[in-house]
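The following note sets out several points on the model shown below.

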Amino acid sequence: MADLTLVVGGARSGKSRYAEGLVRSGPGPWHYIATAEAFDAEMAARIAQHQIDRGPDWITHEAPRDLAPRLRGIREGRVLVDCLTLWLSNHLLAGSDPGAETEALEAALTEHPCPITLVSNEVGWGIVPENALARAFRDAQGRLNQRLAARADRVVTTIAGLPLALKGDLP
């Protein structure tokens, strides 16, 4: 398995910006696997702003659900997956089995020859959600983050734009 970094944090914690800088610190090509889907104008504007902020130097791959096959199709450069939280929620809303999807992702990560940086939200610091779907999501996200953190070479959290190494050293 190639070098694997997991960047976790809350909403607007600076995790994407940190992860992008980490990927850009190495040789290209730089691959950005986007998991977001624009279901409304506000989300479309967010996605467009992310693209502008990244600049034209990235090769963008759209993968709202088919993350493992997308990873397998990239064989050179460095990879950023942003973000696992949206990928997981897309699967839950589609009725997919999050455990099976996580296993497929882990298999693709194990086989991958390139350095990969994964971005994910830490959702366990809030209140217990009021409905079953939200609780299922929170639980699945926590399990996903734990599984990927266990296999990652480096785990970084971001708080207020500042990175903090949880596992391994900050590059």
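1. Basis of the note. The model is predicted; local features need pLDDT of at least 70, side-chain atom pairs count only at pLDDT 80 or more, and totals for chains, interfaces and linings use all residues. Residues are numbered from 1 along each chain as its sequence is written, and side-chain values use heavy atoms, with hydrogens and water left out.

2. Overall architecture. The chain contains six helices and seven strands; helices (H or I, at least four residues) and strands (E, at least two) are DSSP runs, numbered from the N terminus. Their order from the N terminus is β-α-β-α-β-α-β-α-α-β-α-β-β. The radius of gyration is 15 Å, close to the 16 Å that the globule rule gives for 171 residues, so the chain is as compact as a globular protein of that length. Here the radius is taken over C-alpha atoms, and the rule is 2.2 Å times the number of residues to the power 0.38. Along its principal axes, the C-alpha trace spans about 45 × 35 × 35 Å.

3. Of the 171 residues, 44% count as buried (buried means under 20% relative accessible area, exposed over 50%, partly exposed in between; 1.4 Å probe, protein chains only). Among contacts with a separation of 6 or more, 76% are between residues 24 or more positions apart, contact meaning heavy atoms within 4.5 Å.

4. Helix α4. This helix (residues 84–93) is mostly covered, with eight of its 10 residues buried. Among the buried residues are Leu84, Trp87, Leu88, His91 and Leu92. Their cover includes strands β1 (4–9), β4 and β5 (116–121), together with helices α3 (67–72), α5 (98–111) and α6 (132–151).

5. Arginine 78. This residue lies in strand β4 (residues 78–82). Arginine 78 is buried yet has no salt bridge (a side-chain nitrogen of Lys or Arg within 4 Å of a carboxyl oxygen of Asp or Glu). The nearest side chain of opposite charge, aspartate 3, is 5.5 Å away; Lys and Arg count as positive and Asp and Glu as negative, while His and the chain ends are not counted. Leaving aside neighbours within four places in sequence, the contacts of arginine 78 include Leu22, Val23, Trp30, His31 and Pro115.

6. Salt bridges between separate parts. The count comes to nine salt bridges. In one of them, aspartate 57 pairs with arginine 24, the closest N and O atoms being 3.2 Å apart. Aspartate 57 lies in the loop between α2 (41–54) and β3 (58–62) and arginine 24 in helix α1 (residues 15–24), so the pair ties together parts that are 33 residues apart in sequence. Aspartate 57 is partly exposed at 45% relative accessibility, as is arginine 24 at 32%. Arginine 65 and glutamate 37 also form a salt bridge (3.3 Å, N to O). Arginine 65 is in the loop between β3 and α3 and glutamate 37 in the loop between β2 (30–34) and α2, so this pair ties together parts that are 28 residues apart in sequence.

7. Further salt bridges. Arginine 46 and glutamate 42 form a salt bridge with their closest N and O atoms 2.3 Å apart. The two are four residues apart in helix α2, a separation of about one helical turn. Glu106, Arg147 and Arg151 are linked in a network of salt bridges.
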